[in-house]
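Here is my note on the model, as numbered points. Please keep the structure open while you read.

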Amino acid sequence: MDVVKILSTDTIKALKFSDKEIDLTPWDLQYFSGTPNKKGLLYHHPVVSNQIQQLKHSLSSALEFFQPLAGRLKITEHKDDIISCSVICNNAGVLFTHASVENTCVADILKPTYVPSIIGSFFPFVGVKNYEGTSQPLLVVQVTELVDGIFIGCTFNHVVVDGNSIWHFINSWAEISRGSCHHQISKLPILERWFPDGTQLPIRFPFSLDLQKNHSDGTSSSTSDEELHISERLFHFTKEKNLQLKSKVNAEIDSTFQISSLQALFSHVWCSIIRSKQINPQEQVHSILMIGVRPRFVPPLPEGYFGNAFKGGMVAMKAEELVKEDGVRNTSLEINKLIASHSNEKIKNHFDFWLKNPNVFIPKSMPNNLLIMSSSPRFDVYGNNFGWGKPVAVRSSN
């Protein structure tokens, strides 16, 4: 197997910064103990002279607009394992690594049935927890040269951004890199978080820093995919197949419901997984959907709201309901009802409930036979074009 060779490492900072402090919401803090969000873009375009330097320069310019990414977390410890957390825009910088692989081509990444294990080496900071953002960068970038292409791997602290905000940043960085703007970007980020009137800031919540430090020393019960030697495979569903699936499901249900293509696809995938695992028909299975709240508020959150703005919703069904002939129909209805139930009032009530009963996400507390599904815009508006066309593949994982 080819080996990734590190050519250089630099800290990229914004030329100008505000040194402001940003309080965090329950949407941000719920993933405090989780892992960063990773996004990767593969381009069929060999590196040319001065291209790496151009990426560094445009990244520095982008950070002037997206200053939290160049900052660090600030954790304040209170009594009885109660803490508070904020983002300080101190321009401590983003870690930028330039790497290469001598014998790996774009085709070596795209053609195999299973995802090549070398992909994991294209992302920096594997195993770092979000709460370590006090001393670790909130964004780490690795640009890896292939024989005939480039892979840009980005690791984002999930406390600071969600998928929407990540692609907002990447698209803006690409816009600057390809020279489409000068001293401005098409969509400015709104850095201030939304809070109900009267919220006591910063929000305090229970969390044992000492316990987490012990887990970081090797006592954690979590295990990585690499340690389990899990094979990973991607499935591609064409636009035509998605539309066929959507039409089929909608033809089978009451016209008062409108199943989206994404809801139909999620249902199809979930039913296929349960069928292949041959689970006891009476066993309860669960699916968590990440539901964006930006457009569900009244009035909606600003388009450029930069941070986390989503919540998880769970569907629970018996396995037998998914493997029946009308399993995709039934599952689509349940997913549709769950999403539709997230009204402005329900979202704000959940926000208020978290303020009164704060808790952070703990992976080991999740139920068995759980599927987590989400989506985020990837090719909208700018198409992640850094000046050498759209990527031939995009990778998203946590």
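1. Start at A264. Leaving aside residues up to four places away in sequence, A264 touches L245, K246, V249, I259, V328 and S332 (contact means heavy atoms within 4.5 Å). A264 sits in helix 8. Its relative accessibility is 0%, so A264 counts as buried (buried is under 20% relative accessible area, exposed over 50%, partly exposed in between, with a 1.4 Å probe and protein chains only). V328 lies 64 residues from A264 in sequence, yet their C-alpha atoms are 7.2 Å apart.

2. A word on the source. This is a predicted model, where local features need pLDDT of at least 70, side-chain atom pairs count only at pLDDT 80 or more, and totals for chains, interfaces and linings use all residues. Residues are numbered from 1 along each chain as its sequence is written, and side-chain values use heavy atoms, with hydrogens and water left out.

3. Helix 7 against helix 8. Helix 7 (residues 239–251) packs on helix 8 at an angle of about 90°, with the axes 8 Å apart. Helix 7 is therefore roughly perpendicular to helix 8. Helices here are DSSP runs of H or I with at least four residues, strands are E runs of at least two, and both are numbered from the N terminus. Axes are lines fitted to C-alpha atoms, for helices over the stretch in contact, and angles run from 0 to 180 degrees between N-to-C directions. Angles under 35 degrees count as roughly parallel, over 145 as roughly antiparallel, 65 to 115 as roughly perpendicular, and the rest as oblique.

4. Who meets whom there? N242, L245, K246 and V249 of helix 7 meet S261, A264, L265 and H268 of helix 8. By class, this contact has 4 nonpolar, 3 polar and 1 charged residues. Ala, Val, Leu, Ile, Met, Phe, Trp, Tyr, Cys and Pro count as nonpolar; Asp, Glu, Lys and Arg as charged; the others, Gly among them, as polar.

5. Helix 8 against helix 10. Helix 8 (residues 261–277) and helix 10 (residues 327–340) pack at about 130°, with their axes 8 Å apart. The two are therefore oblique to each other. Helix 8 passes helix 10 in a right-handed crossing (right-handed if the near helix is turned clockwise from the far one by less than a right angle, left-handed if anticlockwise). From helix 8 come Q263, A264, F266, S267, H268, W270 and C271; they meet G327, V328, T331, S332, I335, N336 and I339 of helix 10. This contact has 7 nonpolar, 7 polar and no charged residues.

6. Three strands form an open sheet in the order 11-10-12, with mixed pairing. Strand 11 (310–318) and strand 12 (370–373) are the edge strands, and each pairs on one side only (pairing needs at least two DSSP bridges between two strands). Neighbouring strands are turned by 20° on average, direction ignored. Strand 10 (residues 284–292) pairs with strand 11 in the antiparallel sense over 9 bridges. L289 stands opposite G313 of strand 11. Helix 10 packs on this sheet, touching strand 10, strand 11 and strand 12, and its direction makes about 145° with that of strand 11. Helix 8 lies across strand 10, strand 11 and strand 12, at about 155° to strand 10.

7. Is strand 7 buried or exposed? Strand 7 (residues 139–145) is mostly covered, with 6 of its 7 residues buried. Strand 6 (residues 94–100) pairs with strand 7 in the parallel sense over 6 bridges, and A99 stands opposite T144. Strand 8 (residues 150–156) runs antiparallel to strand 7, joined by 7 bridges. These two form a hairpin with 4 residues between them.
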